[in-house]
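Here's a quick briefing to read alongside the picture. Have the sequence and the 3D view open as you go.

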Amino acid sequence: MDHFAYFPQTEGDIKAMLERIGVNSLDDLYSDVPGEFMFKGEYDLPDALSETEVRSFFEDLAEKNVPLKIFAGAGAYDHYSPSVVQNIISRSEFLTAYTPYQCEISQGTLRYIFEYQSIICALTGMDVSNASMYDGPTAAAEAMMLCIASTKKKTRVLLSDGLLPHVVKTVETYAKYHGIEIGHAPVMNGQTCINCLKAELSKGDVAGVILPSINRFGIVEDHSGFGEAIHGAKALMVEYCDPSALAVVKSPAEWGADIAVGDGQPLGIPVCFGGPYVGFMAAKKDYLRKLPGRIVGQTVDREGKRSYVLTLQAREQHIRREKATSNICSNQSLMALYVTVYASLMGPEGLRKVNELSSAGAHYLYNRLLSTGKFEEVFPNKPFLKEFVLKPLIPIADLQKKLKDNGFFGALATEEGFVSFAVTEKRTPEEIDALVKVVEE
Amino acid sequence: MKYYDKLIFEFSKEGNIGYSLPRNRYSETPLLPSSVAREAPLPLPEVSEVDVVRHYTNLSQMNFGVDTGFYPLGSCTMKYNPKINEEIAAMPAWNSIHPLQDEDTVQGVLEVYYNMEKSLAAITGLSKFTFNPCAGAHGELTGLMIMKRYHELRGDSARKKIIVPDSAHGTNPASAAVCGFEVVEVKSLENGRIDVAALETLLDETVAGIMMTNPNTLGLFETEIKEIAALVHKAGGLLYYDGANMNPLMGVVRPGDMGFDIMHLNLHKTFSTPHGGGGPGSGPVGVAKHLEACLPLPHVVKGEDGKFHIEKDNGTSAGKVSGFMGNFGVILRAYTYILMLGKQHLRSVGQLSVLGANYIKESLKDVYKLPIEGVCKHEFVFDGLVNDGAREDVPGATTLDVAKRLLDFGFHAPTIYFPLLFHQAIMIEPTETESKETLDSFIEVMRKIAKEAAEDPNILHEAPHNTPVRRPDETAAARNPILKYQDAI
């Protein structure tokens, strides 16, 4: 056996251990495996590398990516993540722990999850939050299953056509296999159409409606009257939101929603090619006993000390097995810590400023792009924050290539032939001017 | 560990800030119309940067991780998490990439996916892998979706049942139910293995497949896997391999060779990526050749031009299962691990994990009940103490008591009360990254605890004695839920 840094046994140790077990060789430990299944070939894997070799391997590999200034969103936003965030999440007491099964030696994890739940409830206005989930789209899929589980004899869930495509497709996949029918709530003039929604609701089979707080055109939707219409049809109202934007846009609670879901990525998590991110799910307290995933609660220990534990576990798969409404086990704990540390640093004022800066930049870009004469407005007078769409008067592929060749990523195409741009506080007026110059050329 | 009793909200003071943001240099800052603007207060803490750093540093010191000490949590494969993995994953070259960027600007990223797929295929004997599932349970669900899609494409729509052994983790039946299957349980024999005769009676044209781990949750190899595979396949079903227990087979046995058609791996278990207190994980799903068409999309492929492309639509896929392409940051760490191991050290992972487990088992089986004798794989299960010290006026020490007492000695506890086959289950998995000295001190402490139990079980009932908190009241937590700071004040 070759020695290797992660295996701390010497040959003497192995010999002594084999003796205690009463076998002669490591191979004897597999005497229960039929011989034909013992792999006898050579694994088609590279040779082992040293750390310095691994480092240069990845440096070379990284060179094959082209670094771009990000002017796009569509579900992943390039917000700034303060140094403190990376520093805290790198602490190995957080990083190398498992799910907090032994609460006595996991109070660190349990406390920050409790804080995370508090932060999600503060942002969404909801009563209860779970300990987090995989990502926004799967959280939306879980919300759909919760709607079905919470309403009697209803078989259909409506998705607004304003939801981002990666959310819709993921929810549709879960729906297909779980046996849920999906209906659509069309968008008219840049916003989910309440009259179309009412027509669908009147069929009586709708368990829930998933609406975007900010839709895929970047428009902040007005959901006045939606709650009454949806609840009138005895269905649940689900808001899919950008939690960063919730500092300034109406919260799901203010719109009267029953469930709030979304992706926590804009709260301090790097874009990192799509993951790891963190899904969040919060709800009105009526749905607590059906909420999927882990939940942390406060209690006291034998000496009366304030303590935190995983609670209400009777909802979960390891107890309910095939009767559970969700199969989710763990949460996305470390990513919830990103959100918790980020939101603590920002506070209400910092988060408002992030939105102000992003929105000011986005509006500046919007106006500058229009002034090039190469775009038309699609939804004039509709409110947007950090993301918007325009109709290009030049071929989209040419526009995208031009941006890319000059170090920018933007102008994502929508199915209608519009292009979307997003601006965060990381972008500067000079970068925006440079992008516009490229478009003008 | 020192008890520390603060929440970040309790540092809040109006006007404190912990952020540093650029000055607003735009000439106009548009306001949202009041019809859509937030009116509700935003009760987030207002704290300084130093408050944040101290608070979370203090919290971290009430946590036990693999870097703190031995973590023999059965079925969780708490191996050492190499530091080089973290450095590679933290490179700005990966973190600054948007998931929707053009293929030709992310060739380095796509090469990671492609090479990882090849590596996992080599290790498991399966053909192709998707990396889109974000965790093990998500992988199970995805694997079952693939199974359902496969039968659907063949017009075989009567297959509505999934067979799950009674020793299976609760996630297996839950995943099957979420995927719209009916769950049928197959019993285990006295020797802990699947009852093949009972399985045979369950198999017919309504069975979509079986979900298994091998070794099973008792750490025992399913010796009749060849017969099981033949029977399931003959009935038209598929075999799903839950990769939670892949560690002992690393470099020794390939699930594909045993007849499995679909499997998931837990990169956060077998491939050394940190568990992060419960995630992020990564649950890539592999399939045999006949199921390739059903893999979820998007998926990375290599073109004839040598460039990597993202396949987005093919008409046969099981669908889209997550937002983008899974937890790329986790996949990078696992890839780093595979490159460090190389083909030279792969086999030692499996062998040494099995060595450690058998060593502990043989060293403790005189004081803890070993329900099933014989060689185990990477983990094994005791059924409580041989002598729990019960007497007329004092109840005996339970598995929970043993677990809590272990905390006093600086060890994490094993998995307890799982699998459900035994009432006092203690499931121990040491992994290959623990030295003989560490295992010896664990054995010594476990023997000391057994002795304490026999002499005075109250020492165990009272445990833990030196942790920051002691047996928090879980019943009260569930009866009167306080789930956020605002509930507590």
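**A helix with a bend**

In α12(A) there is a kink of about 95° at A:G347, shortly before the proline A:P348. Keep in mind that this is a predicted model.

**More on the helix**

- How far would a straight helix of 39 residues span? At 1.5 Å a residue you'd expect 57 Å, but α12(A) spans only 45 Å between its end C-alpha atoms.
- Most of α12(A) is covered, with 30 of its 39 residues buried.
- Just after α12(A) comes A:G373, which takes a positive phi of about 80°.

**Where the chains meet**

- Chain A puts 171 residues in contact with 172 residues of chain B.
- Which helix gives the most to chain A's side of this contact? That's helix α12 of chain A, residues 333–371, with 22 residues.
- Sort the residues on the side of chain A that touches chain B, and you get 89 nonpolar, 46 polar and 36 charged.

**The domains of chain B**

- Domain 1 of chain B brings 18 residues to the contact between them, and domain 2 of chain B brings 16 residues.
- On the side of domain 1 of chain B that touches domain 2 of chain B, you'll find eight nonpolar, nine polar and one charged residues.

Key:
Residues numbered from 1 in each chain as written. Chains lettered and ligands numbered in written order. Predicted model: local features only at pLDDT ≥ 70, side-chain atom pairs only at ≥ 80, totals over all residues. Contact = placed C-beta atoms within 7 Å. Helix = DSSP H or I, 4+ residues; strand = E, 2+ residues; numbered from the N terminus. Nonpolar A, V, L, I, M, F, W, Y, C, P; charged D, E, K, R; others polar. Expected span 1.5 Å × (residues − 1). Bend = angle between axes of the 7 residues up to and from the residue. Buried ≥ 20, exposed ≤ 12 C-beta atoms within 10 Å, placed from the backbone.
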